[in-house]
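Below are brief comments on the charged side-chain pairs, for checking against the coordinates.

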Amino acid sequence: MNILVVVAVVAAFGLLRFRRANLLLWAIAWWAGIYVLLRFGFTIPIPASVISIYMGIVSLAILAYMSSSQERREEVSRPLIRLMTEKRYTALLAATAIAIPALAAANVYVKLNVPLEPPFFPRTIHPASPSEIRVHDKTIPIDAGDNPFRQLERSNPEEFRRHVENGRQVYYRNCVFCHGDNLGGNGMFAHALNPIPTNFADGQTLPNLSETFLFWRISKGGPGMPDEGAPWDTAMPAWEKFLKEEEMWDVILFLYDFTGQRPAVRALEAAHK
């Protein structure tokens with residue numbers, strides 16, 4: 001959670017309580033506060049389509065509460081009636097009457113003027129990786145690199161299992177929402193994304209990828225996708241902003257361990273076998 005956003009929302013609610021705000025203001029505050037929390041309160045971004053679904057539910061719940069009794073309906077309607085009938089509010093009423101259609105028109109104008117860009121085809125599902133990347137001010141070789149903890153599988157199995165378990169915890173804290181409980185790309189957010197998240201359990205993906213390739217895709221996410229992989233409209237974040245290097249390597253170990261698959265052998269190694 002983004003603590004600053006949460007504190008700001010709580011502070012706003014505290015101010016409304018101190019000022020003894022009426023029910024209409026509370027309803028507006030709850031709607032706006034929940035939207036702000038969903039939109040800005042999570043370090044891992046929530047897809048816009050999911051936010052729309054949640055806000056639709058919130059809107060219905062607030063309307064149901066406000067209209068649930070005669071007393072509440074009257075409390076909500078009183079400030080609206082004063083706004084429309086008392087002369088001292090004439091300027092505010094006029095501004096509101098102008099602002100609502102103006103905002104709607106501005107929203108339509110912005111959407112109509114989004115520059116159209118033809119999609120780049122053909123999109124490659126697994127684009128070529130760079131030879132190396134920078135993560136946390138450290139150079140990580142992709143073509144010639146290895147998972148630094150893979151060798152523990154033979155040299156120290158107990159320590160290897162510790163890394164796999166840590167990777168499991170990292171996955172189910174962060175990745176499960178899109179990639180799913182069984183790694184099948186069918187998490188709760190998956191249907192809101194295009195293209196859908198990668199299915200790691202299909203038996204075709206992980207065996208064809210090296211662990212360093214996965215580290216590149218995890219650390220750089222959708223924002224780091226090259227042009228040949230476009231369009232890339234998913235919410236896959238650049239996990240280097242949220243996870244430690246070890247956590248990203250560990251989650252890769254977990255992916256292979258959970259599915260019982262093995263990573264692809266680097267071309268250089270294969271040539272010497």
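**Notes on the salt bridges**

1. Asp257 has a relative accessibility of 33% and so counts as partly exposed. Note that the model is predicted. The side chain of Asp257 forms a salt bridge with that of Arg161, at 2.7 Å from N to O. This pair links distant parts of the chain, since Asp257 lies in helix H10 (residues 245-259) and Arg161 in helix H7, 96 residues apart. Arg161 is also partly exposed, its relative accessible area being 42%.

2. A second pair to inspect is Arg162 with Glu159, a salt bridge whose closest N and O atoms are 2.9 Å apart. Arg162 and Glu159 are three residues apart in helix H7 (residues 157-174), so about one helical turn separates them. Arg162 is partly exposed at 41% relative accessibility, and Glu159 is partly exposed at 26%.

3. Glu153 and Arg150 form a salt bridge as well, with 3.0 Å between the closest N and O atoms. The two partners fall into separate accessibility classes: Arg150, at 15% relative accessibility, counts as buried, because the cut-off for buried is under 20%. Glu153, at 27%, counts as partly exposed.

How values were computed: Residues numbered from 1 in each chain as written. Predicted model: local features only at pLDDT ≥ 70, side-chain atom pairs only at ≥ 80, totals over all residues. Heavy atoms only, no water. Salt bridge = Lys/Arg side-chain N within 4 Å of Asp/Glu carboxyl O. Buried < 20%, exposed > 50% of the residue type's maximum accessible area, 1.4 Å probe, protein only. Helix = DSSP H or I, 4+ residues; strand = E, 2+ residues; numbered from the N terminus.
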